[in-house]
Amino acid sequence: MTGRTTRVVIVGGGIIGSLTALRLADAGVDVLVLDRGAPGAEASSAAAGILAAQSEATGPGALFDLAFDSRALHAELADELRGRIGVDAGFERRGVLEAARTEAEADALIAKNAWQRERALPVEVLDARGLRQREPGLAAGFVRGLWFPDDAAVDPARLVTGIVQAAARAGVQFRSGVTARRVTVRGGRARGVETDEGLLEGDAVVIAAGAWSGLVDGALGDPASVRPARGQIVELTTCPSPLRGVVFAHGGYLVPRADGRVIAGSTLEFVGYRRGVTADGIAKVLSAATRTVPSLGEAAIARTWSNFRPYTDDRVALVGPRDIEGLVIATGHHRSGILLAPVTAEIVRDLVVRGHTRRAIGALSPLRATAPLTP
Ligand SMILES: Cc1cc2nc3c(=O)[nH]c(=O)nc-3n(C[C@H](O)[C@H](O)[C@H](O)COP(=O)(O)OP(=O)(O)OC[C@H]3O[C@@H](n4cnc5c(N)ncnc54)[C@H](O)[C@@H]3O)c2cc1C
């Protein structure tokens with residue numbers, strides 16, 4: 001996009017903005033990250049951290065390829081952070097199990113993923129006995145399921161903290177408590193951002209403000225193309241953990257952490273930017289959790305929280321150049337922002353530094369957000 005960019009202003013210090021900043025700094029670019037709060041403190045540290053490249057895939061194609069590659073990049077990122085700053089991001093490849101309660105649900109699940117088996121991707125169909133062997137803590141009554149051994153998980157709070165630390169050490173400047181109001185365009189080119197502390201200039205601007213991206217004037221063609229989708233989560237503590245890997249069932253999911261915690265999620269609600277958890281939301285999450293693994297009924301509730309996924313109507317992220325020179329969008333990752341962060345950061349770095357990316361990102365073009373999105 002620019003070829004000779006020297007200073008990049010990134011709006012938003014979540015996992016997308018911070019990892020992009022790290023990749024740009026490693027490429028020799030001077031980077032300033034603005035965050036109206038603290039870097040990493042919003043959706044990126046609230047997430048469950050499932051790297052569900054295969055289990056959440058909707059079909060073959062460019063989007064699947066990006067998710068698949070990003071999952072592989074996560075293993076490298078975890079090693080990189082351990083080596084660079086000694087942070088353990090909690091990356092674990094323990095697999096994801098999807099368990100079906102009825103024959104109809106199982107048939108639909110298996111049909112939806114048939115293309116993966118045809119491509120010889122690692123996925124196994126399990127009968128009721130196979131499910132219980134894989135996860136002995138599962139409730140009785142699940143009939144069949146799918147096992148994705150290569151899907152993984154991270155601890156997102158630790159991961160994003162590590163990324164921010166590594167980026168700061170690589171020379172990225174973070175400014176917390178600064179809100180970007182609008183993109184400054186001069187001579188048809190993005191020249192920086194107007195903030196509550198005045199104009200901050202740059203040769204390129206990257207919008208990575210998560211669910212708030214549409215509130216930055218001039219960032220998105222249609223400000224409503226990214227909306228907040230609240231998700232509520234419960235953290236349970238058990239000892240020993242009744243789970244070996246991630247389980248999706250009863251419309252919820254369970255993510256075991258190495259230290260015995262189990263993350264149970266989640267709701268999907270359109271309530272604007274209203275923060276907090278609700279009795280209904282937490283009841284729904286806990287009901288799915290205990291119907292999936294009954295022994296979790298004995299677990300202690302350690303914490304509950306919520307945050308906002310950056311939702312787009314077609315549930316595809318907006319990543320790529322806008323129709324204004326020097327303006328790159330990296331937002332709208334909805335339920336998969338942790339998974340897609342490594343590949344997104346690489347794409348944005350290449351767009352900014354080289355002016356192009358080797359990856360197929362046509363489907364992610366932010367230019368589609370100038371018109372109403374089709375579901
Ligand atoms: C409950 C829940 C569970 C999830 N589980 C998973 C999962 O298992 N796997 C997965 O891959 N994804 C998951 N996600 C999705 C994932 O968390 C998001 O897609 C991802 O964190 C988005 O990252 P981001 O950097 O774009 O946004 P954020 O982390 O929200 O960061 C945006 C940052 O921009 C800052 N900002 C906003 N506006 C401005 C402004 N005007 N000026 C300056 N700064 C600004 C904010 O302060 C914030 O720090 C989950 C999300 C939720 C809520």
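# Strands, contacts and burial

Me: What makes strand S9 (residues 180-186) and S10 a pair?
Reply: They are joined in the antiparallel sense over 6 bridges. Two strands pair if DSSP finds at least two bridges between them, so S9 and S10 qualify with their 6. Strands here are DSSP runs of E with at least two residues, and helices are runs of H or I with at least four, numbered from the N terminus. Within this pair, arginine 182 stands opposite glutamate 194 in S10.

Me: What kind of model is this, and which residues count?
Reply: The model is predicted: local features need pLDDT of at least 70, side-chain atom pairs count only at pLDDT 80 or more, and totals for chains, interfaces and linings use all residues. Residues are numbered from 1 along each chain as its sequence is written, and side-chain values use heavy atoms, without hydrogens and water.

Me: How many residues lie between S9 and S10 in their hairpin?
Reply: There are 2, and glycine 187 in this turn has a positive phi of about 60°. S10 and S11 also form a hairpin, with 2 residues between them. S11 (residues 198-201) runs antiparallel to S10, joined by 4 bridges, and threonine 195 stands opposite glycine 198.

Me: Why is strand S10 (residues 189-195) called largely enclosed?
Reply: Of its 7 residues, 5 are buried, so the rest of the structure largely encloses S10. Buried means under 20% relative accessible area, exposed means over 50%, and partly exposed lies in between (1.4 Å probe, protein chains only).

Me: Why is aspartate 155 counted as buried?
Reply: Its relative accessibility is 6%, and the limit for buried is under 20%, so the word applies. Aspartate 155 lies in the loop between strand S7 (152-153) and helix H7 (156-169).

Me: What makes the pairing of aspartate 155 with arginine 261 a polar contact?
Reply: The two side chains come to 3.1 Å. A polar contact is a pair of N or O atoms within 3.5 Å; within protein, one must be able to donate a hydrogen and the other to accept it, and residues adjacent in sequence count only if both atoms are side-chain atoms. Aspartate 155 also touches Ala89, Gly90 and Arg257, not counting residues up to four places away in sequence. Contact means heavy atoms within 4.5 Å.

Me: Why is alanine 170 called partly exposed?
Reply: Its relative accessibility is 29%, which is between 20% and 50%, so the middle class applies. Alanine 170 lies in the loop between H7 and S8. Leaving aside neighbours within four places in sequence, alanine 170 is in contact with Leu22, Ala25, Asp26 and Arg84.

Me: In which class is arginine 71, at 7% relative accessibility?
Reply: Arginine 71 counts as buried at 7%. This residue is found in helix H3 (residues 62-85). Its contacts beyond four places in sequence include Leu51, Asp150 and Leu339.

Me: Which strands stand at the edges of the 6-stranded sheet?
Reply: The order in this open, mixed sheet is S8-S2-S1-S12-S19-S18. The partner of S18 is strand S19 (residues 327-331), joined by 4 bridges and running antiparallel; proline 321 has valine 328 as its bridge partner. Helix H1 (residues 15-26) packs on the sheet, and its direction makes about 165° with that of S1 (7-11). Axes are lines fitted to C-alpha atoms, for helices over the stretch in contact, and angles run from 0 to 180 degrees between N-to-C directions.

Me: How many bridges pair S13 with S17?
Reply: There are 11, in the antiparallel sense, and isoleucine 233 stands opposite tryptophan 305 in S17. Both strands belong to an open sheet of 8 strands, in the order S5-S6-S4-S14-S15-S16-S13-S17. S17 and strand S5 (124-127) are the edges of this sheet, each with a single partner strand.

Me: How many residues surround the ligand?
Reply: There are 40, and the closest are Asp35, Ser44, Ile50, His334 and Arg335. A residue is near a molecule if one of its heavy atoms lies within 4 Å of it. An oxygen atom of the ligand is 3.0 Å from a backbone N or O atom of isoleucine 338.
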